[in-house]
Each structure stands twice: as C-alpha cells, then as structure tokens.
Amino acid sequence: MRATESMKATESIRPPDRMRASVAICTHNRASDVREALLSLAPQRFGDSFEVIVVDNGSTDQTAQTVQEFGRTASFPVHYVYEGRLGLSVARNRAIREAKGEFILFLDDDAVASPDWIGGIVSVFDKDPKIGCVGGRIEPAWEGEAPDWLPEENRSLYTILDYSAEVREMRDSAMPYGANVAFRRSIFDSMAMFREDLGRVGSNLLSSEESELIERIRGKYSVYYTPHASVLHKIPRSRMNRKWLLRRIYWQGVSRAVSSRSKARVLAESLLKVPAFVLLSIPVLYDKRRVFRNVRRIVYNNGLISGVLRTYQ
C-alpha cells in the first residue's frame, strides 16, 4: 500500500461513487494508539459502506507498517496516505481531499470508537440535508485517577464533551470537538476547509481550527450533537498536572487571538485586564483555588497578547 499523490486544492472533491462514510484518522508518531483506534472500527455495527483513511503526518515510527498490517485483514477499505507537511489542519484537509464518502468522520488517533459510532453519526445526517456538521460524546479515559484539583470549567480543555442526553442542535457558541466530529462532504465543494494557520503543529497547542470552520458552516447549515455515537479519548498522566493545563490555557488564548477578526480590540482588552487580575489575587493568597483561578486568567490573557503580536511578525 503506498501513499497517494497530493490533489490540487482547486479540484472538486465530489465523490465519484456512493460511499456512505469516510473515517479519517490523522496521526503523528503514535503507532500503538493508531492500532487501537483502527481496532475499534472492526466491530462497527454499520450496515452500509465505509472506508478508513489514515493520514500519516510525517511520522518516523511504525505507523505505516501498523496501518498496512491492519488493512490486510480488514473487511473495509483502509487507505494509508503520507503527508509530509506538518500540521493537524494540513493533515485534516488532506483527508478531506482523499475521502470518497458522503460524510467524513474524524477520529483522533488517541481515541477509541464505540461500536455504534459510525451508524450514530450517519443517522443524524440522514435526518436533514441541511445538517452540515455532527459531533458526538467524548468520554475521558484517564491514565489513573482523574485529577481532583481540575476545575469543572476547564474539563473541556481535556477534550471532554457531554452536551446532551438526546440528539439536538448545537446553537450559539456550543461546539463539537475534533476528537469526534463529522462533516457532510459536499459542503467543501463551495466552502474553504480548515484554516492551516490554526491547529497544532509539532508540540505547540495552537487550536481553534475546528471552531473557526464550524462557525462558517453555521452560516449555511446546522450543527448537531448526538450522545449515541461516543468515543473514549485517552488522557495520559503527563497531561494530568497544573503545568500542562496552564500551557493549554495559554495556547487557547493564542488561538483565539489568531482567529479573531478584531485583533486590536483583543489586544486592548487584554492589556487592561492583566493588572486587575494581579491585584485581585493579592487578598486571596490564602485560598489556593482562587489564586489558581486568577493565574489561569493571567495566563490566558498572556496568550491573547502573544497571539495578537505573532500576527505582526
């Protein structure tokens, strides 16, 4: 099995035949995780046709061999695609170009799909042709015990999502997450894909590529959530500490600033808030939780400032 050649961005991505779903897994040096993600697709209770596309984003481990070995025994098509240009958004866009399915379902390389995952996602799309995006529940698979210090408002930064107990539209600022999100493929015939100046590249935690795309989709289509198409998302022990969380919050600020259309306003508001957060921390030095809350705000603000400044470099 060999990687296919890159397709031009200007080419139509309309599927040439009726493939119902394309499952896309974008990965970088996580061969063992990819194997588990692929194995979770074998028992899918989905009676229609689907394919799997693994976009290898510059891996140097055993990713290629892992995918090829799985593909030899799989009951569905498994395509290995090598994308040497680093960047999660780059890899996702490559997957969209390669996909032949009516719907493109993104599964993180460190996530495991439930047996009804594909069927649950597709059944929502089939309800209405105006549904352009569907997200599913994401349950945490902590390596060990969940941290008891983690504030409830920051759980989403660990890619945890339990939006509703029933299928429902996600309105306003509510967003599905990239570990378990799907798109109607035809929307990309007339709409730009993921912004490649957003999204993770290497070890940075730049994000917001998903929310930026979904906000654009909302201009023409509806966005839905289903609890009946869940995945387990692994959270390694290395992320279960305050240092990682603060780093993630900082990059969340950077991401918001980079994706913002009004960078001057973001910068002005951020510069005004930093002294206030510092002053608010002084009276509550005895309360570690409240101090940490203000530290999170300061770090986020610093990310906003950094994100604005990097656009002028």
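**Cores, strands and rings**

Student: Which residues have the most contacts inside the largest nonpolar core?

Tutor: The largest nonpolar core has 64 residues, where such a core is a set of buried Ala, Val, Leu, Ile, Met, Phe, Trp, Tyr and Cys residues joined through side-chain atoms within 4.5 Å. Please keep in mind that this is a predicted model, in which local features need pLDDT of at least 70, side-chain atom pairs count only at pLDDT 80 or more, and totals for chains, interfaces and linings use all residues. Residues are numbered from 1 along each chain as its sequence is written, and side-chain values use heavy atoms, with hydrogens and water left out. The residues with the most contacts inside this core are L41, F106, W117 and F183.

Student: Which helix gives the most to this core?

Tutor: Helices (DSSP runs of H or I, at least four residues) and strands (runs of E, at least two) are numbered from the N terminus, and the protein has eight helices and nine strands. The one that gives the most to this core contributes six residues and covers residues 117-125, and that is helix 4.

Student: With which residues is L41 in contact, leaving aside its neighbours within four places in sequence?

Tutor: Contact means heavy atoms within 4.5 Å. With the neighbours within four places set aside, the partners of L41 are V23, I25, F50, V52, F76, L107, A113 and W117.

Student: How many residues are in the other core, the one that lies apart?

Tutor: Among the members of that other core are L157, M240, L245 and V299. Its residues come to 13.

Student: Is N154 buried or exposed?

Tutor: N154 lies in the loop between strand 6 (131-142) and strand 7 (168-169), and leaving aside neighbours within four places in sequence, it is in contact with L245, I249 and R296. R296 is 142 residues away from N154 in sequence, yet their C-alpha atoms are 9.8 Å apart in space. Buried means under 20% relative accessible area, exposed over 50% and partly exposed in between, with a 1.4 Å probe and protein chains only. The relative accessibility of N154 is 9%, and therefore N154 counts as buried.

Student: How many bridges join strand 6 to strand 9?

Tutor: Two strands pair if DSSP finds at least two bridges between them. Strand 6 and strand 9 run parallel, and G135 stands opposite Y225 in strand 9. The bridges that join this pair number 10.

Student: In which sense do strand 7 and strand 9 pair?

Tutor: E169 has Y224 in strand 9 as its bridge partner. Strand 5 (residues 111-113) is also joined to strand 9, by three bridges in an antiparallel arrangement, with A111 opposite H233. Strand 7 and strand 9 have two bridges, and the sense of their pairing is antiparallel.

Student: Which residues of helix 2 are buried?

Tutor: Helix 2 covers residues 63-73, and what covers its buried residues includes strand 1 (19-27), helix 1 (31-39), strand 2 (50-56) and strand 3 (78-82). The buried residues themselves are T63, A64, T66, V67, Q68, F70 and G71.

Student: How many aromatic pairs does the structure hold?

Tutor: Rings of Phe, Tyr and Trp (its six-membered ring) pair if their centres lie within 6.5 Å, and planes under 30 degrees apart count as stacked, over 60 as edge-to-face and the rest as tilted. Ring pairs link F46, F50, F70 and F76 into a cluster. The structure's aromatic pairs number 11.

Student: How many degrees lie between the planes of F103 and F125?

Tutor: F103 lies in strand 4 (residues 101-107) and F125 in helix 4, so the pair ties together parts that are 22 residues apart in sequence. The rings are 4.5 Å apart centre to centre and count as stacked, and the angle between their planes is 10 degrees.

Student: How many disulfides does a search of the whole structure find?

Tutor: A disulfide is a covalent bond between the sulfur atoms of two cysteines, and here the criterion is a pair of cysteine sulfur atoms within 2.5 Å. C26 is buried, at 11% relative accessible area, and C133 is buried too, at 0%. The number of disulfides found in the whole structure is zero.
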